[in-house]
Amino acid sequence: MTGLRYVYAVCGPFDTTALRARLTGIAGAPPELLEHRGLFAVVGPVPEEDFAEEPLRRRLEDLDWLTATARAHQCVIDALTAVTTPLPLRLATVFRDDDGVRAMMEERGDDFRRALDRLDGRVEWGVKVFLEKAEEADEESVSSSASPASSAITGRDYLRQRRRRARANEDRWQHAEMFASELHRVLSGHAEDCRLHAPQNSALSGATGQNVLNAAYLVARGDSEEFVELVDRTKSDTDAATSGLRVELTGPWAVYSFTGEDA
């Protein structure tokens, strides 16, 4: 293992007990703290054969390696989030040595301090709303017994049913958008800040249904229980359930959506 240094996050001063309690990071190396002008970089050694510029470019195309690396990275961030407010850096942020890390902290120190002042004591909660596909149990019967290849009458019936289904799907989508918009309004009122992200691609995420809302909310730690209860009440809402809507809550996370590009 060489002297390459992987940087997970930048933090203000905090109790380091949890960080040292059998926590391992990438390549099985325990994370350490590197102090510079009152800021602390959470770092760990990584092997040059994986993290030098050229091999890293190839490694990032290896899905299994990338998944394992991202999980180890997130494990450290989660441990930090439990005890402080970390500013997570981009996955695979690597420097040649400690001096390189300190130079980065010197260059970006004012930005880090401003972000920590603004975000200290806050966490991020993610809320998604999905619209499940409508029941299409009668699809086969419609296509078989009322197909256009049948008589003129059944052909007209087939087209009418297709139009009715299209209108019903449009109505369901409009209702879902209204529900998501109202939910976002309510949750925003209980958060210090919020971010609307692009809808999640179900082919990539594996989630079922169409993603109507994909939002992040910045919430004070002390207000998190109330925020979670508010979302839980919405998840059990009879209207949402009977309309094929699913509300998902994730977190608490490090404040990824509110720190800028990568810190």
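Modeller: A residue is called buried under 20% relative accessible area, exposed over 50%, and partly exposed in between, with a 1.4 Å probe and protein chains only. This is a predicted model, in which local features need pLDDT of at least 70 and side-chain atom pairs count only at pLDDT 80 or more, while totals for chains, interfaces and linings use all residues. Residues are numbered from 1 along each chain as its sequence is written, and side-chain values use heavy atoms, with hydrogens and water left out.

Colleague: Is His73 buried or exposed?

Modeller: His73 is buried, because its relative accessible area is 5%.

Colleague: Where does His73 lie, and what is it in contact with, leaving aside neighbours within four places in sequence?

Modeller: His73 belongs to helix H4, residues 63-81; helices are DSSP runs of H or I with at least four residues, strands are E runs of at least two, and both are numbered from the N terminus. With those neighbours set aside, the contacts of His73 are Tyr6, Tyr8, Ile26, Leu89, Arg90 and Leu91, where contact means heavy atoms within 4.5 Å.

Colleague: Turning to Asp15, where is that residue found?

Modeller: Asp15 sits in the loop between strand S1 (5-11) and helix H1 (17-20). It counts as exposed because its relative accessible area is 53%.

Colleague: How far apart are Asp15 and Thr84?

Modeller: They are 69 residues apart in sequence, and 8.3 Å separates them in space, C-alpha to C-alpha.

Colleague: And the whole chain: how many helices and strands does it have?

Modeller: The protein chain has ten helices and nine strands. Of its 263 residues, 41% count as buried.
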